[in-house]
Amino acid sequence: MSSENISQREYELLHRELGEAHAQNRSLRRQLEKALAAVTESQRAHAKMVATLTETMRENTVLTNDRDMWRHRAQRMDAGLSADPDSTAAPIDISALAGQLSEDEVNAIRKAMARIHHPDVGGNPERMKAWNAALDRLGRD
């Protein structure tokens, strides 16, 4: 079918349909642009929320650690000990236990204190030396 065979009426009908298709295309393009803008805004809001939650979790961890440290210090003070376990304290005197502990019990105490105070696990070397000296005195008695 050639353009010569198309009547004026058919031409106007096709032209009108083409115009409607263009209008619908523009409408769909506007809707797509709005949807893309909404997605972009959602992504931005999500990223901001993740950053806020991450910062909140970090702050919560710091506060939890601080709370636990202060709680531990308060418990030590209530028990009559130094508030700071790393502070240089008087030598450990456990001589009252002499004769009451077996060699295996002394070794178990030594291992437990090493798990807490040994420098390889982040403990206080001076405290470890004090415990070793006290346990050595127990072992000799």
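Two residues are in contact when heavy atoms lie within 4.5 Å, and by that rule Leu135 touches Ile94, Val106, Ile109 and Arg110, leaving aside residues up to four places away in sequence. The structure is a predicted model, in which local features need pLDDT of at least 70 and side-chain atom pairs count only at pLDDT 80 or more, while totals for chains, interfaces and linings use all residues. Residues are numbered from 1 along each chain as its sequence is written, and side-chain values use heavy atoms, with hydrogens and water left out.

**Overall layout**

The protein holds three helices and zero strands, where helices (H or I, at least four residues) and strands (E, at least two) are DSSP runs numbered from the N terminus. Along the sequence, these elements follow the pattern α-α-α. Of the 141 residues, 10% count as buried; buried means under 20% relative accessible area, exposed means over 50%, and partly exposed lies in between, with a 1.4 Å probe and protein chains only. The accessible surface comes to about 11600 Å², and 56% of that surface belongs to carbon and sulfur atoms, the areas being computed by the Shrake-Rupley method with a 1.4 Å probe. Among the contacts with a separation of 6 or more, 46% are accounted for by residues 24 or more positions apart.

**The helices**

The expected span of a helix is 1.5 Å times one less than its number of residues. Just after α1, Gly80 takes a positive phi of about 85 degrees. The 15 residues of α2 should span 21 Å, and the end C-alpha atoms of α2 are 21 Å apart, which agrees as well.

Within α2, Val106, Met113 and His117 are buried. Seen down the axis of α2, the buried residues fall within an arc of 30 degrees, so they line one face of the helix; the arc is that of the directions from the helix axis to the C-beta atoms. On the other side of α2, Asp104, Lys111 and Arg115 are exposed.

**The nonpolar core**

A nonpolar core is a set of buried Ala, Val, Leu, Ile, Met, Phe, Trp, Tyr and Cys residues joined through side-chain atoms within 4.5 Å. The largest such core has eight residues, namely Ile92, Ile94, Val106, Met113, Trp131, Ala134, Leu135 and Leu138. Helices α2 and α3 each supply at least two residues of this core, and the largest share, four residues, comes from α3. In soluble globular proteins, nonpolar side chains tend to be buried together.

**Salt bridges**

A salt bridge is a side-chain nitrogen of Lys or Arg within 4 Å of a carboxyl oxygen of Asp or Glu, and the count by this rule comes to five. The table gives some of them.

| Pair | N to O distance |
|---|---|
| Arg58 and Glu55 | 2.7 Å |
| Asp136 and Arg110 | 3.2 Å |
| Glu126 and Lys129 | 3.6 Å |

Arg58 and Glu55 are three residues apart in helix α1, and are therefore separated by about one helical turn. Arg58 is partly exposed, with a relative accessible area of 45%, and Glu55 is partly exposed at 34%. Glu126 and Lys129 are likewise separated by about one helical turn, being three residues apart in helix α3, and both of these residues are exposed.

Asp136 forms its salt bridge with Arg110: Asp136 lies in helix α3 (residues 125-140) and Arg110 in helix α2 (residues 103-117), so the pair ties together parts that are 26 residues apart in sequence. Asp136 is partly exposed, with a relative accessible area of 36%, and Arg110 is partly exposed at 22%.
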